[in-house]
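The sequence and model come first.

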Amino acid sequence: MHFPTAGGPFFRHLRVWHAVLASLIAVAVVAYLVLRPSDDVRSVPDSACRPADAAREDPPATPDLDGDGSVDLTYESPDTESDFDVIVVPGSEQGPDDDRTTVLTRDDLGVPDDIQSIDDSWRPTVADLDGDGHADLIVSGAAQVLWGGPKGPQAGGPQGRVPLPGSGYGSTAPIAGDFDGDGHTDLAVYRSSLEDGELIVLEGPFKRSGAPARTVEIPSPVHEAGDPVLVAGDANDDRATDLALYGSPWDPPLLLTGGARTVGGLSKEPERLPEGENIVFGDFDGDGRQDIAVGRSFVNDYDDVDTPHRRGQVSVRYGKAPGEWVTMEGGDFKEGFGTRLAAGDFNGDGCDDLAVQLTKKKETGDARIEVLRGGSEHGLGSKPWRATKRSEPDGDSGFSGDGSIFDVRDWDGDGRAELTLFGGSRWWITDGTDRDEASFPDLPSNYEDS
């Protein structure tokens, strides 16, 4: 069995994907807030981060495949050089229940033999494509769909395949969002080309065959031969999903706003964001509007290229001030502050916090995480709330590596987000400070037999 090591496909993808900003800023507003470490992570009643005039409804747990109200951990795992499985760790009131882990094989998913999906596809997409109220599983660049039901997508259950025009989709599953704002789930995926790439928007609702209501091909907004990562969010609070693209070696991150009067619903002209290698959306000041954070570590994708003697950066644009960018430096010189970002409300006060990964060398997968706490007055603070580092030493498995940011979810449904790290061959679910709520192997004990 082949599985990514710290220098393998997962961490190679982190160099491009899971991706803050150059010293050039449209309008620079530097705001620093010194944060004191806090061991109190209980929900905060009547928090200023959630005023009455900005009340927001908490979204349903997602991704929730079986409809039990708990978030499920889903990821793709290569088990040979040309094959992969999808691992589902069901959620519970205590978080992911690894004792009930199931494995969906290529045959279970109905993925054709000619589709290889091992380089970048660590996260299948979970969304309700046909509007029946049940979450569906969209896997790999093949856009294979395993339809959901009352008990979730089942091995050998109903399948479909979203017809993607042409080729050049790599192995990453399309991302979901309502880009045209019509209330139906859409999919977006980038089609790479040595000449002219395309952004493909597949509008819902989808038929059980996998066919969308309409397919829209948009000329690439990035430089030729670019292969950007797509991130969905709502940067202008209009309920239509916006689409950010980053990771092109020749272009800054770009933002296409949704709900536009165009075919596909996305704005014709993208907004250029500050230079960076990854983007997240979050409500860091608790005003009910999503903000944008862009990370730039200045660490090169290849370890043999020296890192400049400077600190990494995170730049934030708040929804209440869409024309201004706040830039914060972090870590020490050449430490790679901003290599990866993840947003979530770790202390339950109604303001999202920002987990920032520091990585000195991307190919070796070394990492530690610092959390900047959100607040209603200033938004994100400039000092770390708590530092977190997890490492799995070399062992019989032959895998090693530091825990790297994978996801942020409210795994146990207590109103506070948890930070999910993966390293070597192990998962860690932390409370966003430095305490583990769960830790378990990446693969079930029966994986070899599946």
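1. The model is predicted, so local features need pLDDT of at least 70 and side-chain atom pairs count only at pLDDT 80 or more, while totals for chains, interfaces and linings use all residues. Residues are numbered from 1 along each chain as its sequence is written, and side-chain values use heavy atoms, with hydrogens and water left out.

2. Side chains of opposite charge can pair when their charged atoms come close. The count comes to 20 salt bridges, a salt bridge being a side-chain nitrogen of Lys or Arg within 4 Å of a carboxyl oxygen of Asp or Glu. One of them joins E277 and K362, with the closest N and O atoms 2.8 Å apart. This pair links distant parts of the chain, 85 residues apart: E277 is in the loop between β15 (271-272) and β16 (278-282), and K362 is in the loop between β21 (353-358) and β22 (368-372). Strands are DSSP runs of E, at least two residues long, and helices are runs of H or I, at least four; both are numbered from the N terminus. E277 and K362 are buried, which means under 20% relative accessible area; exposed is over 50% and partly exposed is in between, with a 1.4 Å probe and protein chains only.

3. R390 and D434 form another salt bridge, with the closest N and O atoms 2.9 Å apart. R390 lies in the loop between β23 (386-388) and β24 (391-392), and D434 in the loop between β28 and β29 (436-441), 44 residues apart. R390 is buried at a relative accessible area of 10%, whereas D434 is partly exposed at 37%.

4. D407 and R409 form a salt bridge with a closest N and O distance of 3.0 Å. Salt bridges with shared partners join R123, D407 and R409 into one network. D407 is buried, with a relative accessible area of 14%.

5. What is the place of T430? T430 belongs to strand β28 (residues 426-430) and is buried, with a relative accessible area of 0%. Leaving aside neighbours within four places in sequence, T430 is in contact (heavy atoms within 4.5 Å) with residues including R390, E418 and D436.

6. D108, in helix α2 (residues 106-109), is buried yet has no salt bridge; the nearest side chain of opposite charge, R106, is 11 Å away. Here Lys and Arg count as positive and Asp and Glu as negative, while His and the chain ends are not counted. The side chain of D108 reaches the backbone nitrogen of T105 at 2.9 Å. Not counting residues up to four places away in sequence, D108 touches V103, L146, A155, G156 and Q159.

7. Most residues other than glycine have a negative phi, and most peptide bonds are trans. A cis peptide bond joins G204 and P205, with omega about 5°; P205 is in the loop between β10 (198-203) and β11 (214-219). D237 is not a glycine but has a positive phi of about 60°, and is partly exposed at 35% relative accessibility. F298, also not a glycine, has a positive phi of about 70°; F298 counts as buried at 14% relative accessibility and lies in the loop between β17 (291-296) and β18 (312-317).

8. The second largest pocket has 15 lining residues, with V88, T102, K151, P153 and Q154 nearest its centre. A pocket is an open set of points on a 1 Å grid over the protein atoms alone, where a 1.4 Å probe fits, with protein on both sides within 12 Å along at least five of seven lines; lining residues have an atom within 4 Å of a point. Strand β3 (residues 102-104) gives the largest share of this lining, 3 residues.

How values were computed. A polar contact is a pair of N or O atoms within 3.5 Å; within protein, one must be able to donate a hydrogen and the other to accept it, and residues adjacent in sequence count only if both atoms are side-chain atoms.
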